[in-house]
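Subject: Structure handover

Hi there,

Here is the structure I promised to pass on. Could you load it alongside this email and follow along?

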Amino acid sequence: MTIVYGILGLGFLVFFHELGHFLAARLFGVKVEAFSIGMGPVLLHRGYKGTDYRISLIPLGGYCAMKGENDWRTALEENKNVIEGDKDSFYGIHPLKRLLIAFAGPFFNFVFAFIAFFVIALIGYRYYDAGTTVKMADDVYEGLSSPAHEAGMLSGDTITALNGNKVEYFSEISEFISLNADKDVTVTFLRDGKTMEVTVHTVLDKNTGAGKMGIVSPEFDKERHYGPYPFFSAAGQGVYKAVDMLCVTVKGIGVLFSGVKITSAVAGPARITTMLGGAVKAGFKEGLGIGVVSTMEFLALISISLFITNLLPIPILDGGLILFALIECVSRRKMHPKVLYYIQFVGIAFIALLLVIAITSDIHYFINKEGKL
């Protein structure tokens, strides 16, 4: 059931993405020839106002088939210099409208993240955290190094601030250090009632991409509560959390170019599906509220990742379509179909490379998980 939950969750996010394209296309007068929930063989379908609405066999998202999406291929085959299209087709409208249709899919992924965090804030939840009195990792685990210990900290020190930012819980320390790998961090702490300060150079964990300073948390025995918030405050939390996760994810992507072991740090579709399904299953075992919160939080994370990924200026992704439309807007001339063809070819090769990396990462992950073979 874990895999099933994961597939359904990912499928919903892809469907929501395609719904964004669908609504934008209808808004700007592009005919949507088919809109499907699911992929593969069509189980049920019904035509309505020129669109064939479908329910397909494989629950992996869906698709929005717009009129004229492949007109560039027709232009290429007929050796034309420009891509021509009807007024109600994808390449027949103004490039700015085409840009907005392409952007609508990723934007809906961001909207979903907002909705998810909004719902979480309305429901609220309880969790356990730890204080900021820490132990040095090399005092607890043999063979580990501790930059904090090397900088002068000792087990029993109580951290009060990082780079001048006050901290009250261990989760705040963990989040800050994770996002500041291979950097000098000013750590303010208490020892025997005296305030002290040292500079710790964090290290980069090449398997996860996270920063570490060699400290161990105390017991997670401090009960904390998030929400529930009233309606408008929850909406504000939804915006704040979605933007915050967006910033954290962008920063995390940047870490991939700093020497991280890609096959460990990057999750492919199999691992994401398993992790999502596991989060859903475990959450609902704890109760309905926790199940909804854990599911929404994980889906929001994936949705933000889809938002960023689809906006990359890579051909065949929405970001590539946005880039082409921008070029046409600036140059005020349509792109030659041969240029589009060659760029698309490069894009397909790039996506194939990413897919190989992701699948390799998944294989390594599951082999190590099952028995360190």
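Below are the conventions, followed by what was found.

This is a predicted model, so local features need pLDDT of at least 70, side-chain atom pairs count only at pLDDT 80 or more, and totals for chains, interfaces and linings use all residues. Residues are numbered from 1 along each chain as its sequence is written, and side-chain values use heavy atoms, with hydrogens and water left out.

**Overall picture**

The protein has 12 helices and 12 strands; these are DSSP runs numbered from the N terminus, with helices being H or I of at least four residues and strands E of at least two. Of its 373 residues, 39% count as buried. Here buried means under 20% relative accessible area, exposed means over 50%, and partly exposed is in between, with a 1.4 Å probe and protein chains only. The accessible surface comes to about 20500 Å², and carbon and sulfur atoms hold 63% of that. These areas come from the Shrake-Rupley method with a 1.4 Å probe, and for residues only the protein chains shown count as cover. Taking contacts (heavy atoms within 4.5 Å) between residues at least 6 apart in sequence, 66% join residues at least 24 apart.

**A nonpolar patch**

On the surface, I37, M39, L43, L44, I55, L57, I58 and L60 form a nonpolar patch with about 710 Å² of accessible area together. Strand 1 (32-48) and strand 2 (51-66) are the elements that give two or more residues to this patch. For the rule, patches take residues with over 30% relative accessible area and no salt bridge, joining like charges within 9 Å and nonpolar side chains (Val, Leu, Ile, Met, Phe, Trp, Tyr) within 5 Å. A salt bridge is a side-chain nitrogen of Lys or Arg within 4 Å of a carboxyl oxygen of Asp or Glu. One member, L60, lies in strand 2 and counts as partly exposed because its relative accessibility is 44%.

**Aromatic rings**

Rings of Phe, Tyr and Trp (its six-membered ring) pair if their centres lie within 6.5 Å; planes under 30 degrees apart count as stacked, over 60 as edge-to-face, and the rest as tilted. The count comes to 18 aromatic pairs by this rule. F16 and F108 make a tilted pair, at 5.4 Å centre to centre with 40° between the planes. This pair links F16 in helix 1 (residues 2-27) to F108 in helix 3 (residues 95-123), 92 residues apart. F16 is buried at 14% relative accessibility, and F108 is buried at 18%.

F22 and Y53 form an edge-to-face pair, 6.0 Å centre to centre and 70° between the planes. F22 sits in helix 1 and Y53 in strand 2, 31 residues apart. F22 is buried at 9%, whereas Y53 is partly exposed at 26%.

**Charge over a ring**

R224 lies over the face of Y169, at 3.7 Å from the ring centre. The charged end of R98 sits over the ring of F90, 6.0 Å from its centre. The rule asks for NZ of Lys or CZ of Arg within 6 Å of the ring centre and within 35 degrees of the ring normal.

**Around M136**

M136 lies in strand 4 (residues 135-136) and is buried, with a relative accessible area of 0%. Leaving aside neighbours within four places in sequence, M136 is in contact with S146, A148, H149, M153, L154, S155, G214, I215 and V216.

Best wishes
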